[in-house]
Amino acid sequence: MSKSLLSGSTDQEKLADLCSRKHKDQIVWFLNAFWVEHGTDAEKMWEWSKMCAKLDLQNHEDGSSLDELNAHRFLEGFNEPMTVKEMRDQLRSTGAIGAARPKNVPVTHIIIFKYGLDWKELINRSQGDNKEEMEEAQRMLDEVMAAFKESEARANEAKAALAAAQEQEAPFKAAQEEVEAALAEVHAEEKAYNDKIEDCKRRSETGGVVGRNKAKNELAQLENEDPLPLRKAKITLSAAQKRAEKARA
């Protein structure tokens with residue numbers, strides 16, 4: 001059966017044939033049939049086709065319909081003010097679908113409801129006499145699809161470049177954090193040492209003779225020794241700085 005013809009002896013059978021085609025083919029049929037009225041929505045229709053392929057978890061771009069949950073997600077994704085139930089009620093009132101509740105939602109049903117189309121006109125409008133319009137619709141849709149694929153590819157490349165940059169930055173960031181922690185430890189030990197010096201000086205100048213002499217001795221010891229905690233903190237800082245320089249190189 002030619003892609004420009006729908007199989008079936010009744011309108012309902014033709015609609016069923018259209019709804020059984022791939023998401024993209026259903027959209028192309030609509031654009032070909034209503035290019036004059038809605039050709040400017042070709043870019044939006046590509047977004048719809050892309051979303052259908054994404055939400056069709058089993059068949060992707062080769063699928064023809066969405067389950068009810070993903071049909072709701074589709075409508076929410078495009079901020080469409082309708083529900084699947086409202087859409088089905090409207091389609092049922094026109095005879096497009098029967099009383100039974102369909103398991104899945106083809107994009108054709110959404111298009112009919114969204115644009116307020118006469119579904120019989122949709123399936124019976126010529127797809128062959130307006131060859132130039134058809135070719136233009138297909139060309140524009142293909143261009144939009146190519147542009148979006150290119151944009152998506154560039155976005156993925158940028159994402160990969162960012163991830164690589166972050167991965168390269170991680171060792172330097174860790175080394176820098178180590179330097180900052182070591183520096184904070186040095187400052188803390190220096191403060192503790194200086195506080196002891198000041199305390200000894202204060203006690204060496206006040207109080208009784210025994211207390212002053214004891215404080216002077218402590219002060220002399222503090223000033224002559226290289227305090228271990230402060231020495232360790234400085235060694236840790238030096239090692240961290242070397243690692244940071246190596247990571248930066």
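**Exercise 1. Is H23 buried or exposed, and what is its relative accessible area?**

Before we start, this is a predicted model, where local features need pLDDT of at least 70, side-chain atom pairs count only at pLDDT 80 or more, and totals for chains, interfaces and linings use all residues. Residues are numbered from 1 along each chain as its sequence is written, and side-chain values use heavy atoms, leaving out hydrogens and water.

*Solution.* Step 1: find H23 in helix 2, residues 23-33 (helices are DSSP runs of H or I with at least four residues, numbered from the N terminus). Step 2: with a relative accessible area of 2%, H23 is buried (buried means under 20%, exposed over 50%, partly exposed in between, using a 1.4 Å probe and protein chains only). Step 3: look at its partners beyond four places in sequence, which include C52, D56, H60 and V107 (contact means heavy atoms within 4.5 Å).

**Exercise 2. Work out which residues have the most contacts inside the largest nonpolar core.**

*Solution.* Step 1: recall that such a core is a set of buried Ala, Val, Leu, Ile, Met, Phe, Trp, Tyr and Cys residues joined through side-chain atoms within 4.5 Å.

Definitions and conventions. Helices (H or I, at least four residues) and strands (E, at least two) are DSSP runs, numbered from the N terminus.
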